[in-house]
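I opened this model today and kept notes as I went. Here is what I looked up, entry by entry.

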Amino acid sequence: MANNSLLKLGAFIALGIFLSLYVGVACLPTIAVVFTIYLVTGGWRFTLIVIKTLPRDFRGLLFLIKVTVLIRYYIRQKYTLAKIFGKHVQKYPKKPCFIFEDVVWTFQDVENVSNRVANYFYEAGYRKGDMVALFMESRPEFVCLWLGLSKIGVSAALINFNQRDTALAHSITISNCKAVVFGGELSQAIKDVTQELPKKIELYHTGAMTTNDITPINLDVALERTSTYPPPKVDQNFKDCLFFIFTSGTTGLPKAAIVTHTRYFYMALAIQFFHHITSEDILYDTLPLYHTAGGILGIGQAILGGTTVVIRRKFSASQFWTDCIKYNCTMAQYIGEICRYLLAQPPRATDNQHKVRVMYGNGLRPQIWSEFQHRFGVKSMGEFYGATEGNCSIVNFDNTVGAVGFLTRIVPALYPVTLIRVDEDTGEPLRDRTGMCIFAKPGEPGELVGKIVKGNPLREFDGYANKAASKKKIVSDVYRKGDTGFLTGDILVMDELGYMYFRDRTGDTFRWRGENVSTSEVEGILHKILKLQDATCYGVEIPGNEGKAGMAAIVDENNSVDLKGLYQAFQKSLPPYARPVFIRITKTVATTGTFKLKKTDLKKDGFNPSLIKDPVFYMNSKLGQYEQITPQIYDDICNNRIRL
């Protein structure tokens, strides 16, 4: 619509100019008349969009210009993130860079430790192109390690500290690591996979060991003996690989996404720019530093802008606001279900005694957005969307409730990111007669796709360490024949003003009774009914039935769920096809390191009581309640003796 409206407006303006120049009609009155005709013939709608969104889009344009100019400059000057950080060290040597467990790390402290890291590994024979795995809980040393390694061109593989056994060995192995540096608190996890790792791999530990069964090199002692002088200069480029970040592992084994200096820079700069973060701010970062949100969008504020960052080893709902008050934080981060966890805490006087003006992250459900702001007094919630390896990040900086970002409707070509329609069953892109992808209209769900332009740092797709995995994320013929785009795997919906709303992951939407069911919508209702208890929704197959029936897994440690009340609430809040047919009551549901509930195993379990220790219930519509499934009832359902 936007492109056609823009062309239509241009045609009317051209007509007005033609009439004034060649027919001799007065210019301004002619243009006024022509513009009035444009409005009357439907142009008023696009004009209204322009009036409402121009200030927002103009700010987005300013960022694109700024980041493009800076990146081109840094590429020409062969800059690195370490050099950018060094500027802040010179400017604020004694200023707190990190605060961790009441210990202050100044900018000079971080520079000194990272120099020790660089010098030690350089002297040990590590060179540009080598890879070192980092496996430890969040703390300043984690940042010093990858920052120091980057100074000599060595990349880091940031391993999720929750990984164990197969997933851990897989992440280290596919990264082709020459060494592993692990926190002593995770020594048992490393010991358990030593037999699966390459024999030549070197092991280093930092911090006290919890097992004596392995004998790694004590990196703490080694670094104390190493110089803090700047390391030898290495020929590097702003487009070089900085580190690997691994996918969260909600499905299958983790994939290593490549993060270059350029990618790190523009992702962190976007947050800084749109939320007006300065060196005077103090950011509370309680997210894992191996993840994009904590390690780039959080730590990046110290690296790029001289902001003080408070690091917490692990998230604590009960200590969140207490810490923000204690350290005078003005900004904070969230991800996944963190905001819901905070809301579930008993009200305290400290809820509004903090100085946090902005919280940014992703995963804030629209159902609790306003309630969260009202209770905790946070002026602005900065929801964003972006895949670590992708090229289509979007930001919501004006606190539009529920939106994860926006795309301009005025001149979409400025930022070639769009929604394409996909097959509801297969998830494959739908195409027109010429083989081109079909764009989703406002109000229509579609998969978010970003155009890939080689040579343009903002539009390139760096992909994964595994080239085959990278190819699966590329789609062709999006805007024109022969072009390519990055497939995010996420279904979003755009409204008339260009605001984007997350709908589901492809594959999370299931079809039941001829209708599409959005798991995120059902989960939002579930959390509202259950007063913020953990719960997740997914589809399960029933023999002899088309599609998948909805099933909800509810964490209920105290046996407090009122199933009859839940049934009645579903009747009021959800259409018949979206109401969970099955309910599983469990004591716990596994989560990823970024607080997302894992569904893979739950889907595999289905609703068979013989395979599941937890009680499972089905919706008995005749009796108007949920009833527990016995082996006999399960058999009756599978053989259609009980119809759902």
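**Surface and overall form**

I took accessible areas from the Shrake-Rupley method with a 1.4 Å probe, and for residues only the protein chains shown count as cover. On that basis the accessible surface of the protein chain is about 28700 Å², and 54% of it belongs to carbon and sulfur atoms.

A note on ground rules: this is a predicted model, in which local features need pLDDT of at least 70 and side-chain atom pairs count only at pLDDT 80 or more, while totals for chains, interfaces and linings use all residues. Residues are numbered from 1 along each chain as its sequence is written, and side-chain values use heavy atoms, with hydrogens and water left out.

I then asked what radius of gyration the protein chain has. I find 27 Å, which agrees with the value near 26 Å that a compact globule of 644 residues would have; the radius is taken over C-alpha atoms, and the globule rule is 2.2 Å times the number of residues to the power 0.38. Along its principal axes the C-alpha trace spans about 85 × 80 × 55 Å.

Of the 644 residues, 56% are buried. I use buried for under 20% relative accessible area, exposed for over 50%, and partly exposed for in between (1.4 Å probe, protein chains only).

For contacts I count heavy atoms within 4.5 Å. Among contacts between residues at least 6 apart in sequence, 69% join residues at least 24 apart.

For charges, I count Lys and Arg as positive and Asp and Glu as negative, leaving out His and the chain ends. Each charge is placed at NZ of Lys, CZ of Arg, CG of Asp or CD of Glu. The mean positions of the 75 positive and 60 negative charges are 5 Å apart.

Two strands pair if DSSP finds at least two bridges between them.

Val132 has Ala179 in β5 as its bridge partner.

I walked along part of the order. β10 (residues 282–285) and β12 (residues 331–335) run parallel with two bridges, and Tyr284 is partnered by Ala332 in β12. β12 then pairs with β13 in the parallel sense over five bridges, with Gln333 opposite Tyr360. β13 is joined in turn to β14 (residues 380–385) by four bridges, also parallel; here the partner of Tyr360 is Gly382.

Is β13 (residues 358–362) mostly covered or uncovered? Mostly covered: four of its five residues are buried.

His276, in the loop between α9 (261–274) and β10, has a positive phi of about 55° although it is not a glycine. Asn328 also has a positive phi of about 55° without being a glycine, and lies in the loop between α12 (320–326) and β12. At 39% relative accessibility, Asn328 is partly exposed.

Ser114 in α4 (residues 107–123) is buried, at 0% relative accessible area. Beyond its neighbours within four places in sequence, Ser114 touches Cys144, Leu147, Gly148 and Lys151.

α16 (residues 519–529) has eight of its 11 residues buried, so the helix is largely enclosed by the rest of the structure. Among these buried residues I noted Glu523 and His527. Just after α16, Lys531 has a positive phi of about 60°.

Last, I checked which residues of α19 (residues 631–638) are buried. They are Ile633, Asp636, Ile637 and Cys638, and the buried residues of α19 pack against β26 (582–586), β27 (616–620) and β28 (625–628). Asn640 follows α19, with a positive phi near 60°.
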